[in-house]
Amino acid sequence: MSDSDLQRKPSWLRAKLPNGPGYMETRRNVDSHNLHTVCQSAQCPNMGECWSRGTATVMILGNTCTRSCTFCAIHTGRPTELDLGEPARVADSVARMGLKHVVVTSVARDDLKDGGASVWAATVRAIRHRCPNTAIEVLPADFRGKAEHLDILLDAKPDILNHNMETVKRLQRPIRKTATYDRSMWVLKHAKSRGFITKSGIMLGIGEKEEEMVELLKDLRAIGVNILTIGQYLQPTKNHEPIDRWVTPEEFAHWKSFGLGMGFDVIESGPLVRSSYHADEQSDGFKLVERRSGAAATA
């Protein structure tokens with residue numbers, strides 16, 4: 001595909017512009033609680049749609065990531081903050097929005113001894129205390145593969161553990177730098193071994209090949225991943241990884257059908273799909289709150 005073709009976004013990549021009363025209310029809520037969101041920091045194309053629906057993906061542990069993935073728009077550097085009041089503000093924001101399902105993510109904090117796991121756990125517990133009927137989906141980094149740190153988060157009992165593979169095995173090193181394919185698989189496998197519903201996300205249009213996609217999907221199913229999101233990679237700036245191709249809606253439909261045939265419970269696949277896109281709808285079939293209540297009653 002020529003450079004001129006890649007510079008012109010196809011018609012199926014038109015996102016909803018941010019406006020309307022729902023969008024403004026979500027913005028006021030985020031701003032008044034001094035929160036970061038991945039919607040803003042990662043330049044998500046669905047911000048207009050999601051914020052208009054009254055949903056936003058909260059990003060904890062600051063707005064500066066210690067890693068420098070070549071696909072990601074989030075600022076990279078040495079973080080200077082650790083806000084211990086953040087969990088309470090996040091919980092208050094979730095309560096004010098009246099969310100039935102919340103997605104919380106974070107920057108990578110390799111500078112912290114526990115990778116930020118204690119703040120993660122405090123955030124989950126604060127939301128659970130304020131909003132007992134809200135399902136909590138967490139999207140953390142890999143904690144450098146340290147089980148004791150991942151377990152701090154899992155011990156707080158979120159409802160879904162989401163960890164993105166991002167791309168196929170061959171492209172992990174050039175795209176993700178510090179992360180690895182095997183380590184990310186381990187995060188998902190470890191969470192599954194502890195009984196959690198697991199979820200992952202991948203990008204297309206970054207140079208992957210069909211047989212590599214098949215391998216990735218097989219590996220995810222082998223460790224029991226329940227939910228998968230598949231979307232188009234969009235280059236944040238000219239300094240980031242270039243787009244290899246625009247993936248058609250028909251190809252996204254193919255991978256959804258292929259994956260469901262392999263046994264995934266839910267697949268959200270489309271050009272504008274991101275990790276937390278329609279996350280509340282994806283989790284509906286799992287009846288998360290009822291599942292948790294039943295487990296508590298029999299414990």
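A residue counts as buried here when its relative accessible area is under 20%, and as exposed when that area is over 50%. Keep that cut-off in mind for the first stop, Thr 64: at 18% relative accessibility, Thr 64 counts as buried. The model on your screen is a predicted one.

**Stop 1: Thr 64 and its loop**

Select Thr 64, which sits in the loop between β2 and α5. Now show what lies around Thr 64, leaving aside neighbours within four places in sequence. You will find contacts with His 75, Thr 76, Gly 77, Arg 78 and Pro 79, and also with Val 107, Ala 108 and Arg 109.

Stay in the loop between β2 (58-60) and α5 (86-97) and pick Thr 80. Is Thr 80 buried or exposed? Thr 80 is exposed, because its relative accessible area is 80%, and the cut-off for exposed is over 50%. Draw a distance from the C-alpha of Thr 80 to that of Asp 111: the two atoms are separated by 9.9 Å, although the residues are 31 apart along the chain.

**Stop 2: the cysteines**

Next, display the cysteine sulfurs. How many disulfides does the count come to? The count comes to zero disulfides. Take Cys 65 as a case: the nearest cysteine sulfur is that of Cys 69, 6.4 Å away, whereas a disulfide needs the two sulfur atoms within 2.5 Å. Cys 65 is buried, with a relative accessible area of 13%. Cys 131 also counts as buried, at 8% relative accessibility.

**Stop 3: the whole protein**

Zoom out for a moment. The protein has 13 helices and eight strands. Of its 299 residues, 54% are buried. If you switch to a surface view, the accessible surface comes to about 13,500 Å², and carbon and sulfur atoms account for 51% of it. Among contacts with a separation of 6 or more, 75% are between residues 24 or more positions apart.

**Stop 4: helix α9**

Select residues 181-193, which form α9. This helix has 13 residues and spans 18 Å from its first C-alpha to its last, close to the 18 Å expected at 1.5 Å a residue.

Which residues of α9 are buried? They are Tyr 181, Ser 184, Met 185, Val 187, Leu 188, His 190 and Ala 191. Following α9 comes Gly 195, with a positive phi near 90°.

**Stop 5: Asp 155**

Move to Asp 155, in the loop between α7 and β5. With a relative accessible area of 38%, Asp 155 is partly exposed. Not counting residues up to four places away in sequence, Asp 155 touches Arg 125 and Arg 194. Asp 155 and Arg 194 are 39 residues apart in sequence, and their C-alpha atoms are 9.7 Å apart in space.

**Stop 6: strands β6 and β7**

Select β6 (197-204) and β7 (227-232) together. These strands pair in the parallel sense over six bridges; one to look for joins Met 203 to its partner in β7, Gly 231. Why is β7 described as largely enclosed by the rest of the structure? Because six of its six residues are buried. Both faces are covered, with Ile 227, Thr 229 and Gly 231 on one side and Leu 228, Ile 230 and Gln 232 on the other.

In β6, pick out Lys 199. Lys 199 counts as buried, at 0% relative accessibility. Follow its side chain to the backbone oxygen of Ser 275, which it reaches at 2.9 Å.

**Stop 7: helix α10**

Finish with residues 210-222, helix α10: 13 residues reaching 18 Å from first C-alpha to last, close to the 18 Å expected at 1.5 Å a residue. Color Glu 212, Met 213, Val 214, Leu 216, Leu 217 and Leu 220, which are buried. What do the buried residues of α10 pack against? They pack against α9, β6, β7 and α11 (249-262). Just after α10, Gly 224 takes a positive phi of about 80°.

Definitions and conventions
Residues are numbered from 1 along each chain as its sequence is written. This is a predicted model: local features need pLDDT of at least 70, side-chain atom pairs count only at pLDDT 80 or more; totals for chains, interfaces and linings use all residues. Side-chain values use heavy atoms; hydrogens and water are left out. Helices (H or I, at least four residues) and strands (E, at least two) are DSSP runs, numbered from the N terminus. The expected span of a helix is 1.5 Å times one less than its number of residues. Buried means under 20% relative accessible area, exposed over 50%, partly exposed in between (1.4 Å probe, protein chains only). Contact means heavy atoms within 4.5 Å. Accessible areas come from the Shrake-Rupley method with a 1.4 Å probe; for residues, only the protein chains shown count as cover. A polar contact is a pair of N or O atoms within 3.5 Å; within protein, one must be able to donate a hydrogen and the other to accept it, and residues adjacent in sequence count only if both atoms are side-chain atoms. Two strands pair if DSSP finds at least two bridges between them.
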